[in-house]
Amino acid sequence: MRGSITNGRVTDRMDGTIVVFIIGIRINRFFPVGRWLRVGRAMPRMLAELRSKPESGFLHAENAIVGLRTALIIQYWRSFEALERYARDADQAHWPAWREFNKRIGDDGSVGIFHETYVVQQDAREAIYVNMPPFGLGAIAGTVSESGTRSEARQRMMSK
């Protein structure tokens, strides 16, 4: 487990605008394994690289498995500009991996990849964690009790 469980109800302490970037892979054909395995192995390298460079604007990531064929990573970034700068930098792990994907896989249909990007203003989000270890926004900036004026979703949205 990544951290100790915080009993009770808390909300995140994150201030300012953030970017939520969801990126994933879908295995459309399990064979040959090498088609999707090569693609799947690229992301851990990118995350290790990002975690080693706090100045990149990368804040945090959470992994998820969706069904039998899809894995995704929810990433949190300081800004869209920071995310884009990383994605387009030929000296970082992403750009060569993207070029390799297009060269080796292209549109053959064996492996799908996707991403969604959301720029979220401070007053357009809220979070609640009940009996959870640090997660998502709460893992980035810590948490605070959501009692009193922060006990309902609408109040949490308005109190930021």
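This is a predicted model: local features need pLDDT of at least 70, side-chain atom pairs count only at pLDDT 80 or more; totals for chains, interfaces and linings use all residues.
By buried I will mean under 20% relative accessible area, with exposed meaning over 50% and partly exposed lying in between, using a 1.4 Å probe and protein chains only. Helices (H or I, at least four residues) and strands (E, at least two) are DSSP runs, numbered from the N terminus.

Residues are numbered from 1 along each chain as its sequence is written, and side-chain values use heavy atoms, with hydrogens and water left out.

Let me start with strand β4. Two strands are taken to pair if DSSP finds at least two bridges between them, and β4 is joined to β2 by 8 bridges in an antiparallel arrangement, with W77 of β4 as the bridge partner of V19. Strand β3 also runs antiparallel to β4, again through 8 bridges, and here E62 has I74 of β4 as its partner. Between β3 and β4 there are 3 residues, the two strands forming a hairpin, and G67 in the turn has a positive phi of about 70°.

I turn now to the interior. A nonpolar core is a set of buried Ala, Val, Leu, Ile, Met, Phe, Trp, Tyr and Cys residues joined through side-chain atoms within 4.5 Å. The largest such core has 16 residues, of which M43, M46, L47, F58, I73 and W77 touch the most other members. At least two residues of this core come from each of β2 (18–27), α1 (33–51), β3 (58–66), β4 (70–77) and α2 (80–88), and α1 gives the largest share, 5 residues. If contact is understood as heavy atoms within 4.5 Å, then L47, leaving aside neighbours within four places in sequence, is in contact with F58, A61, N63, I73 and Q75. There is also a second, separate core of 12 residues, which includes V20, L72, Y129 and L137.

Finally, the charged pairs. A salt bridge here is a side-chain nitrogen of Lys or Arg within 4 Å of a carboxyl oxygen of Asp or Glu, and by this rule the count comes to 5. One of them joins the side chains of R35 and D108, at 2.1 Å from N to O. Because R35 lies in helix α1 and D108 in the loop between α3 (94–104) and β5 (111–120), this pair ties together parts that are 73 residues apart in sequence. Both are partly exposed, R35 with a relative accessible area of 24% and D108 at 30%.

A further salt bridge is formed by R38 and E100, whose closest N and O atoms are 3.1 Å apart; the pair links distant parts of the chain, with R38 in helix α1 and E100 in helix α3, 62 residues apart. R38, at 43% relative accessibility, counts as partly exposed, as does E100 at 28%.

The side chains of E84 and R88 meet in a salt bridge at 3.5 Å, N to O, and, being 4 residues apart in helix α2, these two are separated by about one helical turn. E84 is partly exposed at 32% relative accessibility, whereas R88 is exposed, with a relative accessible area of 57%. Salt bridges that share partners also join R38, E100 and R104 into one network.
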